[in-house]
Amino acid sequence: MKRFFPICLLFVFFLCACNISFGGGGDDEFASAGDLEFGNGWNLGNTLDACSYGDKANKGLSTETSWKMPTTTEAMIKAVAARGFKTIRIPVSWHNHITDSSYTIDSAWLERVKTVVDWSLNAGMKVIINIHHDNLSEAQMSTTYGFCVPENNAGLKNQSLAYIKSIWKQVASYFKDYDENLIFEVLNEPRAVGKSYEWSGSGSQISNANKIIREYEKAALDEIRSAGGKNDVRFVMVPPYAASPSMTEGWSLPSDSAVGKLIVSVHAYTPYTFCMDKATVNTFGSSQQSDINWLFNSLGKDFTNRGIPVIIGEASASDKNNLAERKKWFAYYCAKGRSAGIPIVLWDNMVTVSTGGNINSGECHGYFNRNSLGWFFPTLIDEMVK
């Protein structure tokens, strides 16, 4: 997740030719056998994606707790599944776990990712893994492994392509025998880090960046498809610039050897002023409803109405000591998702105002207490799984 992106994050799948369907929580019936069924989901945020920058040393397994999260346990995963969540997104940063200049991933890190994936699959959930915080600025490319979206630098673009291709070749090969319940998301919010248009730019700026992002995504997809096993028909998620539903100039789905296996990945904290901004807007009313209506209408017009499935992989409204208003947001947002056949994957960094989070940071997205295996705001979760 990125902190200052002005659009909300959801997780959408549309029932179309690629046999993806939405299954809700509770006693809802699912689609017929053979369909890929998704329900509302939860993010293991600030955990396997936790990272640092500035050197190329392999940091080992300790990064999992470096952002103050407890070590993930099978009990945590089972508790999330038992609460009614049908999907789990496991963000993964790889750049702190590279052992050489050929971008070889530390085998212990791959094994740790596999452990959490296996727990999640065994709990009956669909699982998404990705490349998360490996998107660097152009300047960082000399000091840190990863990729960037350069303005005009063929050398950095080629270096980025090599990194992305190597990571996905290794990850896809490692998980090649896993079935379609494991989904790959090739990039997370790809963007021109450090540029003035990192989160919002002109049409030409976004279009130029999206052309590079398309090249990255095609390269990643080709590595996945050629890695053997079940990868030739695996579902793969691909995002436009910054995973924004409003910054798609110059972007389109890459060509794919598999038919109907690509999913657009978008993020949307909507409305931004209520969900992410400082605690100046902490009430939910008609204006906020209009923003959410715009989001779903846009996703329908651009994607799902055209038979293109979409996943909005993160959604949350930051805690501003406004529980009643947040419940209104959850109720409205989840109802819109349900009526549109759109599952929502909740972003969770385990930070609330009561646990020491800054009310003005927009980063109080804590829901599941991983220490006690309880929920900070049960009534909000009820709106997602009921």
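Strand β6 (residues 182-185) pairs with strand β7 (residues 236-238) in the parallel sense, over two bridges. Strands pair if DSSP finds at least two bridges between them. Helices (H or I, at least four residues) and strands (E, at least two) are DSSP runs, numbered from the N terminus. This is a predicted model: local features need pLDDT of at least 70, side-chain atom pairs count only at pLDDT 80 or more, and totals for chains, interfaces and linings use all residues. Residues are numbered from 1 along each chain as its sequence is written, and side-chain values use heavy atoms, with hydrogens and water left out.

**Around β6**
- F184 has V236 in β7 as its bridge partner.
- β5 and β6 also pair in the parallel sense, over four bridges.
- V127 has L182 in β6 as its bridge partner.
- L182 and F184 point one way from β6, and I183 and E185 point the other way.
- All of these are buried (under 20% relative accessible area, 1.4 Å probe, protein chains only).
- Helix α3 (residues 154-174) lies across β5 (126-130) and β6, running at about 180° to β6 (axes are lines fitted to C-alpha atoms, for helices over the stretch in contact; angles run from 0 to 180 degrees between N-to-C directions).

**The sheet**
- Eight strands form an open, parallel sheet in the order β9-β8-β7-β6-β5-β4-β3-β10.
- β9 and β10 (345-346) stand at the edges with a single partner strand each, so one side of each has no neighbour in the sheet.

**N322**
- N322 sits in the loop between β9 (310-312) and α7 (323-339).
- N322 counts as buried because its relative accessibility is 6%.
- N322 touches F274 and N282, not counting residues up to four places away in sequence (contact means heavy atoms within 4.5 Å).
- A polar atom of the N322 side chain lies 3.0 Å from the backbone oxygen of N282.

Terms used. Buried < 20%, exposed > 50% of the residue type's maximum accessible area, 1.4 Å probe, protein only. Polar contact = N/O pair within 3.5 Å; in protein donor to acceptor, adjacent residues only side chain to side chain.
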